[in-house]
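This briefing is meant to be read beside the sequence and the model. It takes up the aromatic pairs, the disulfides and the strand pairing in turn.

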Amino acid sequence: MESRKLKIFISSCLLLSLSFPSVTMAEEIPKKTEEKTAAVVVEGMVYCQSCDQFGSWSLTGAEPIPAAKVSVICKDHKDQVSFYKAFETDGNGYFYAELDGFKMSHNILDHPLHSCHVKLVSSPLENCNLLSNVNYGLYGSPLRYENKRLFGKHYEAVIYAAGPLAFRPAHCPPKTHD
């Protein structure tokens, strides 16, 4: 009877050792997982609205403005500014605003779609530097999620869109009625 118990015990130990392969010294040290940084980005365009469209939100005939400035402002759920930074458009009037340092203290209430807006700041064009409220450029254009993301080995960016925004000319010739 004792030998039978001993055989069962030894068999169990053998099965148990096969179930858990031996761990080498290199495997005992947990590998450091590489962290991915997640970024929030806002993109959009800034135009000079055509005199023909003055008084409307239409951008028909509008021209992109290189070196125009916009600001991204985010407020937390307590209505306090949690992020502010100005960005400049490229040669095609396009801005790509990576919100470095943006943090959400509340995942729902401080989400960029709810808390961030883009406002016009300045235009380098003397003949087109008045603020317009096209897409709420005066008071803050809300962000839109358009299912855009960038993925890198150690990087992921969620890209939101705002605008398009527009400045308007200071002087437009009066419309003549034929």
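## Briefing

The structure holds two aromatic pairs, where rings of Phe, Tyr and Trp (its six-membered ring) pair if their centres lie within 6.5 Å, and where planes under 30 degrees apart count as stacked, over 60 as edge-to-face and the rest as tilted. A search of the whole structure also finds three disulfides, a disulfide being a pair of cysteine sulfur atoms within 2.5 Å. This is a predicted model, in which local features need pLDDT of at least 70 and side-chain atom pairs count only at pLDDT 80 or more, while totals for chains, interfaces and linings use all residues. Residues are numbered from 1 along each chain as its sequence is written, and side-chain values use heavy atoms, with hydrogens and water left out.

**Aromatic pairs**

- The rings of W57 and Y136 have their centres 4.9 Å apart and their planes at 90°, so this pair is edge-to-face.
- The pair links distant parts of the chain, with W57 in the loop between β1 and β2 and Y136 in the loop between β7 and β8 (141-142), 79 residues apart; strands (E, at least two residues) and helices (H or I, at least four) are DSSP runs, numbered from the N terminus.
- W57 is partly exposed, with a relative accessible area of 43%, and Y136 is likewise partly exposed, with a relative accessible area of 44%; buried means under 20% relative accessible area, exposed over 50%, and partly exposed in between (1.4 Å probe, protein chains only).
- Y145 and Y160 form an aromatic pair that is tilted, at 5.9 Å centre to centre and with 55° between the planes.
- This pair also links distant parts of the chain, since Y145 lies in strand β9 (residues 144-151) and Y160 in strand β10 (residues 155-161), 15 residues apart.
- Y145 counts as partly exposed at 38% relative accessibility, whereas Y160 is buried, with a relative accessible area of 5%.

**Disulfides**

- C48 is joined to C128 by a disulfide with an S to S distance of 2.0 Å, and the torsion about the S-S bond of C48 and C128 is about 110°, so the disulfide is right-handed.
- C48 lies in strand β1 (residues 37-48) and C128 in the loop between β6 (116-122) and β7 (130-131), so the pair ties together parts that are 80 residues apart in sequence.
- Both C48 and C128 are buried.
- A disulfide joins C51 to C172, with an S to S distance of 2.1 Å, and this link is left-handed, with -80° about the S-S bond.
- C51 lies in the loop between β1 and β2 (63-64) and C172 in the segment after β11 (165-168), so the pair ties together parts that are 121 residues apart in sequence.
- C51 is partly exposed, with a relative accessible area of 23%, and C172 is partly exposed, with a relative accessible area of 27%.
- C74 and C116 form a disulfide in which the sulfur atoms are 2.0 Å apart, and the torsion about the S-S bond is about 105°, so the disulfide is right-handed.
- C74 lies in strand β3 (residues 69-75) and C116 in strand β6, so the pair ties together parts that are 42 residues apart in sequence.
- C74 counts as buried at 0% relative accessibility, and C116 counts as buried at 0% as well.
- When the bonded cysteines of the protein chain are numbered in sequence order, the pairing is 1-5, 2-6, 3-4.

**Strand pairing**

- Four strands form an open sheet in the order β4-β3-β6-β8, with antiparallel pairing, where two strands pair if DSSP finds at least two bridges between them.
- The edge strands of this sheet are β4 (81-88) and β8, each of which pairs on one side only.
- β6 and β8 run antiparallel and are joined by two bridges; the bridge partner of H117 in β8 is P142.
- β9 and β10 pair in the antiparallel sense over six bridges, and a hairpin joins β9 to β10 through three residues.
- L150 stands opposite A157 in β10.
- Five of the seven residues of β10 are buried, so this strand is largely enclosed by the rest of the structure.
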